[in-house]
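Let's take a walk through this structure together.

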Amino acid sequence: MARRTDEGQAATELALVLPVLVLLLLAVVQVTVIARDQVLVVHAAREAARQASIDFRPSAIRSAALRAAPGLKPGRLGTDSDHGGAFPVIVTVRVVYRAPTDVALIGPLLPDVVVEANAAMRREVAGEL
């Protein structure tokens, strides 16, 4: 009767488990990239609100958001502001970013993630201390 050996069992198990571990690691990398984009969007919203508190122009607000978050792709970033009427006291800015899911192997399986942040700031009037 032929004796069965376990030689090569560990290598076979590693070969079966390794692709799953690699996909899991890539998924963690993708989540980390999206979390970084969320932090950048929050920072961009704060800076855009600061700009909107002194200048209502949409182009100035968008430029401030882009300057605050240089790691974001400009074509995927949108800004919207609410000035609250003729004599606004509070300005609110909303920044929306469509974060690409482009990590190898994982990215094509997932749709782009939309991250957004709102920030409000008191309107600054010339002559205030």
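Leaving aside its neighbours within four places in sequence, which residues is Y97 in contact with? In this predicted model, Y97 is in contact with D37, V41, L72, K73, R76, L77, V113, V114 and V115.

Some of those names come up again in the largest nonpolar core, which has 21 residues. The members that touch the most others are V41, A48, L72, L77, V93, V95 and Y97. At least two core residues come from each of α1 (9–52), α2 (58–68), β2 (90–99) and β3 (113–122). Helix α1 gives the most, with eight residues.

Now for the charged side chains. The count of salt bridges comes to seven. One of them pairs R50 with E47, at 2.5 Å from N to O. Both residues sit in helix α1, three residues apart, or about one turn of the helix. R50 is partly exposed at 40% relative accessible area, and E47 is partly exposed too, at 25%.

Other pairs reach further along the chain. D102 and K73 meet in a salt bridge at 3.8 Å, N to O. This pair links distant parts of the chain, 29 residues apart: D102 is in the loop between β2 and β3, and K73 in the loop between α2 and β1 (77–82). D102 counts as exposed, at 52%, while K73 is partly exposed, at 41%.

R76 also forms a salt bridge, with D112, where the closest N and O atoms are 3.0 Å apart. R76 lies in the loop between α2 and β1 and D112 in the loop between β2 and β3, so the pair ties together parts 36 residues apart in sequence. Salt bridges with shared partners join R76, R98 and D112 into one network.

Key
Residues are numbered from 1 along each chain as its sequence is written. This is a predicted model: local features need pLDDT of at least 70, side-chain atom pairs count only at pLDDT 80 or more; totals for chains, interfaces and linings use all residues. Side-chain values use heavy atoms; hydrogens and water are left out. A nonpolar core is a set of buried Ala, Val, Leu, Ile, Met, Phe, Trp, Tyr and Cys residues joined through side-chain atoms within 4.5 Å. Buried means under 20% relative accessible area, exposed over 50%, partly exposed in between (1.4 Å probe, protein chains only). Helices (H or I, at least four residues) and strands (E, at least two) are DSSP runs, numbered from the N terminus. Contact means heavy atoms within 4.5 Å. A salt bridge is a side-chain nitrogen of Lys or Arg within 4 Å of a carboxyl oxygen of Asp or Glu.
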